[in-house]
Amino acid sequence: MAPKGKKEKASKSKAASKAAEKAVAEEKDSGFRGNGVLTSSKTSYDLKIEGFTLHAYGGTLIHETQIELNRAQRYGLIGRNGSGKSTWLKSLAARDVPIPEFIDIFLLEREAPATDMTPCEYVVSEAKKEMERLEEEIVRVMEEEGQDSEILPFLYSKVEAMDPTSFEVEANRILYGLGFDKKMSAKTTADMSGGWRMRVAL
C-alpha cells in the first residue's frame, strides 16, 4: 500500500493530469483526431500501432498506416510544410492510441514559460512533477490491476532512479552542457530570450 504522503501527492498530480488532458481535448476538438490499434504488448517498450489514421482540419493526413517505434532508436520526420508531422506528434502525445502509461511522452512544442524561476529551479520543479506523475500511476495500477501487475516493476524502477536530493546537481550538470554559465544560470526565465528558454525546456 502506498504511503499517505504519496497518495496525497498522487491526488494533486491526478488533478493536474486531468487539467492537461482537458486542454489537449479542447485543442483536439478544434483541430485533430487520430485513431489506431496498439498491437504490441502492454508491457513492451517497443510500440506497434496498426491501422493508424489521422484526421485534421477537415482532411485526412494519414490513412490506415502501420507505425513501429522501437526502444533506444532515434527517428526523424521528413515532409513538406503542412503534411502533418507536428500534428502526428501531437496525436501520439495525446495518446489517441492507448500507449502504455509507463512509457514517458514529452512533446516539446515551445520554450519554457517566462517565470521568476532560474533555469535550475524550473528544471527541478519539472522533475518533481514527473516523479509525482509516476507515483500517481503506481497508485492507479495497484488499484486497477493489483500488486501483481506486470507494469509495476517498470514504474518502481523509474521512481527509484529519481533521487530528489540530486535533482539540483543533475539539473545544473545538464544546463551547463547546454551552455549555461554562472551568469545565465542566475537569470530568471523571464529575463531570457526565447532561444535560451527553449534550452531550459529541453
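Predicted model: local features only at pLDDT ≥ 70, side-chain atom pairs only at ≥ 80, totals over all residues.
The structure holds 11 salt bridges. One of them pairs R133 with D104, whose closest N and O atoms are 2.4 Å apart. R133 belongs to helix α3 (residues 119-145), whereas D104 sits in the loop between α2 and α3, so the contact ties together parts that lie 29 residues apart in sequence. D104 has a relative accessible area of 28% and is partly exposed.

E126 meets K129 through their side chains, at 3.2 Å from N to O. These two residues are 3 positions apart in helix α3, so about one helical turn separates them. E126 is partly exposed, at 32% relative accessibility. E144 forms a salt bridge with R140, and here the closest N and O atoms are 2.5 Å apart. Both residues lie in helix α3, with a spacing of 4 residues, or about one turn of the helix. E144 is exposed, with a relative accessible area of 57%. R140 is partly exposed, at 26%.

The surface also carries a nonpolar patch. L77, L89 and L107 form this patch, and together they have about 220 Å² of accessible area. L77 is located in the loop between β3 (59-69) and α2 (85-93). The relative accessibility of L77 is 41%, so this residue counts as partly exposed.

Terms used: Residues numbered from 1 in each chain as written. Heavy atoms only, no water. Patch = residues over 30% accessible without salt bridge, like charges linked within 9 Å, V, L, I, M, F, W, Y side chains within 5 Å. Areas by Shrake-Rupley, 256 points an atom, 1.4 Å probe, with all protein chains shown as cover. Salt bridge = Lys/Arg side-chain N within 4 Å of Asp/Glu carboxyl O. Buried < 20%, exposed > 50% of the residue type's maximum accessible area, 1.4 Å probe, protein only.
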